[in-house]
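The following exercises ask you to reason from a structure to a description of its helix packing and its charged pairs. Please look at the sequence and the structure before you turn to the worked solutions.

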Amino acid sequence: MVIPTAPSIRHPVIAEDIASILSRAEDWRSFAGKHVLIAGATSFLAAYLVEFFAELSERWPEDPVTIYVLVRSLDKLKKRFPHLIGQPWFCPIVQDVCDPSPVIKRLDFIVHAASAGSPKQYLNDPVGTIKSNVVGGLNLLELARKHNARLLFMSSGAVYGHGESLSPIGESDFGVLDPLDISACYGEGKRATETLCAEYYRQYGVATVIARISHTYGPGLDLDDGRSFADFVADAVAGRDIILNSDGSASRPFCYVADATAAFLILLLRGESGAAYNVSLDQEITILELALLVARLSPTPGLKVKHPPSAPARQSLFRSCGHCDISKLEKLGWRPTIMPEEGFERTLRYFIDN
C-alpha cells in the first residue's frame with residue numbers, strides 16, 4: 001500500500017524507523033480516524049507507537065488518529081514529544097494508571113505499557129510495579145469493556161520463569177517462577193495481568209491480545225537502566241572501554257524496537273483475542289559478541305572490551321535464557337528484519353546525534 005510522504009520533524013533515525021514500518025505490506029488505513037489510548041506513553045516501547053500514530057495523523061490530516069497519551073510526568077512528556085505538543089489530535093492525560101480512569105468519549109484501541117521495564121526500575125519499586133500492571137490493567141480493561149475497544153497488553157518473556165531447556169520457547173511453555181523471589185514483582189505482575197486479559201475476553205468478550213516481549217533495544221532506550229546492552233551503548237557513546245561483569249558467554253536474543261513496534265501494530269489489527277504472542281528475535285548473540293560489536297561500531301576508535309577472569313560463582317548469575325519461538329506471530333505475516341549489526345549502529349547514531 002502506498003502512503004503519501006510528509007515532512008518529518010522527528011530525529012532522523014526514528015523517522016527512518018517509522019518509514020520502514022509503514023513500508024510493510026499492511027493496511028495502515030485501518031487506523032485512520034481511530035481513537036487510541038496509550039498508557040505509559042513516554043516509556044521506551046510505547047513512545048514508538050505514539051510516533052507511529054502521530055506520523056499517520058500528520059500524513060492524513062483529514063482523518064487523523066486521535067492519540068490519548070497517559071503519563072505520570074508532564075515534564076517527561078514535553079521532553080519526549082516536544083514536536084507533538086499542541087497538535088489537536090495529541091491529547092495528554094497526566095495521572096497514574098492506577099487512579100480512576102479518565103472520562104473519554106470514544107476509544108477504539110488501548111495499549112497497556114505502564115510498567116517498569118528494567119530490573120533497576122522494578123526492584124526499586126516492587127509494589128508500584130505490581131500495582132501498575134494489575135491495578136492499572138484492571139482499570140484499562142474496564143475502559144476497554146466500556147468502549148468495546150481492543151486492548152494490547154505489553155507483557156514479557158519473564159512470564160516463562162526459569163526453565164532448564166534452551167530450546168525455542170513457545171507460548172505454552174512455562175518454567176518455575178518463585179512468587180517470593182525478589183524479582184517476582186515483575187514476572188508475577190505480568191502473569192496476573194495476562195490472566196486478567198484472558199478472563200476479560202472469556203467472560204466479557206473484551207478483545208484483548210498479549211505481547212510477550214523479549215530483549216528489545218533502540219533509540220530512546222534508557223542508558224541508565226542497568227542492563228548490559230544499555231551499559232554497552234552508554235560506554236560506546238561516551239568513548240569508554242566496555243567492562244563485562246562475566247566472561248560474556250551467556251547469550252540473548254536482541255530485537256530492534258522498530259521490528260517490535262511493527263509486531264505490536266499487527267497484533268492490534270488482527271491478533272487473536274485472548275491469546276499471547278512472542279515478540280522476539282529468534283537468533284541469539286553472546287554478551288561478549290555484543291560488547292565487541294558495540295565497541296567496533298563506536299565512533300571512538302580503539303575501544304577495548306575488558307572482562308574479569310572466570311569465576312564460577314559469579315558466572316552462574318549470567319546464564320543464557322534461550323530464545324522464543326516466533327512462529328505464531330509469523331503466521332500473521334511478521335518477522336524481524338533488522339539484525340544486531342544494523343540495529344546497534346542505528347541506536348548509536350541516535351544517541352550520538354541527539
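**Exercise 1. Determine which residues of helix 7 and helix 12 meet, and describe how the two helices are oriented.**

In this predicted model, Phe 229, Val 233, Ala 236 and Val 237 of helix 7 are in contact with Phe 344, Thr 347, Leu 348, Phe 351 and Ile 352 of helix 12. Sorted by class, this contact comprises eight nonpolar residues and one polar residue, and no charged residues take part.

Helix 7 spans residues 228-238 and helix 12 spans residues 340-353, and their axes come within 10 Å and cross at roughly 55°. Helix 7 and helix 12 are therefore oblique to each other, and the crossing is right-handed.

**Exercise 2. Describe in the same way how helix 5 and helix 6 are packed.**

Begin with the geometry: the axes of helix 5 (residues 126-147) and helix 6 come within 8 Å and cross at roughly 15°. Because angles under 35 degrees count as roughly parallel, helix 5 and helix 6 are roughly parallel to each other, and their crossing is right-handed.

Next, identify the residues involved: helix 5 contributes, among others, Ile 130, Val 134, Leu 138 and Leu 141, while the residues from helix 6 include Tyr 186, Ala 192, Leu 196 and Tyr 200. Taken by class, the contact of helix 5 with helix 6 consists of 12 nonpolar, five polar and three charged residues.

**Exercise 3. Find the partner with which Glu 26 forms a salt bridge, and explain which parts of the chain this pair ties together.**

Glu 26 pairs with Arg 270, and their closest N and O atoms are 2.6 Å apart. As for accessibility, Glu 26 is buried, with a relative accessible area of 9%, while Arg 270 is partly exposed, with a relative accessible area of 36%.

**Exercise 4. Work out how the salt bridges of Arg 202 with Glu 199 and of Asp 225 with Arg 227 are placed.**

In the pair of Arg 202 and Glu 199, the closest N and O atoms are 3.0 Å apart. Both residues lie in helix 6 (residues 184-204) and are three residues apart, which means that about one helical turn separates them. Arg 202 counts as exposed at 58% relative accessibility, and Glu 199 as partly exposed at 35%.

In the pair of Asp 225 and Arg 227, the closest N and O atoms are 2.7 Å apart. Here Asp 225 counts as buried at 4% relative accessibility, and Arg 227 as partly exposed at 24%. Elsewhere, salt bridges with shared partners join Arg 10, Glu 51, Glu 55, Glu 58, Arg 59 and Arg 80 into one network. The structure holds 25 salt bridges.

**Exercise 5. Name the buried residues of helix 9 and some of the elements that cover them.**

Within helix 9 (residues 287-297), the buried residues are Ile 287, Leu 290, Ala 291, Leu 293, Val 294 and Ala 295. The elements covering these buried residues include helix 7 and helix 12, together with strand 8 (242-243), strand 9 (251-252), strand 12 (285-286) and strand 13 (305-306).

Note on methods
Residues numbered from 1 in each chain as written. Predicted model: local features only at pLDDT ≥ 70, side-chain atom pairs only at ≥ 80, totals over all residues. Heavy atoms only, no water. Axes fitted to C-alpha atoms, helices over the stretch in contact; angles between N-to-C directions. Helix = DSSP H or I, 4+ residues; strand = E, 2+ residues; numbered from the N terminus. Parallel < 35°, antiparallel > 145°, perpendicular 65-115°, else oblique. Left-handed = near helix turned anticlockwise from the far one by under 90°. Contact = heavy atoms within 4.5 Å. Nonpolar A, V, L, I, M, F, W, Y, C, P; charged D, E, K, R; others polar. Salt bridge = Lys/Arg side-chain N within 4 Å of Asp/Glu carboxyl O. Buried < 20%, exposed > 50% of the residue type's maximum accessible area, 1.4 Å probe, protein only.
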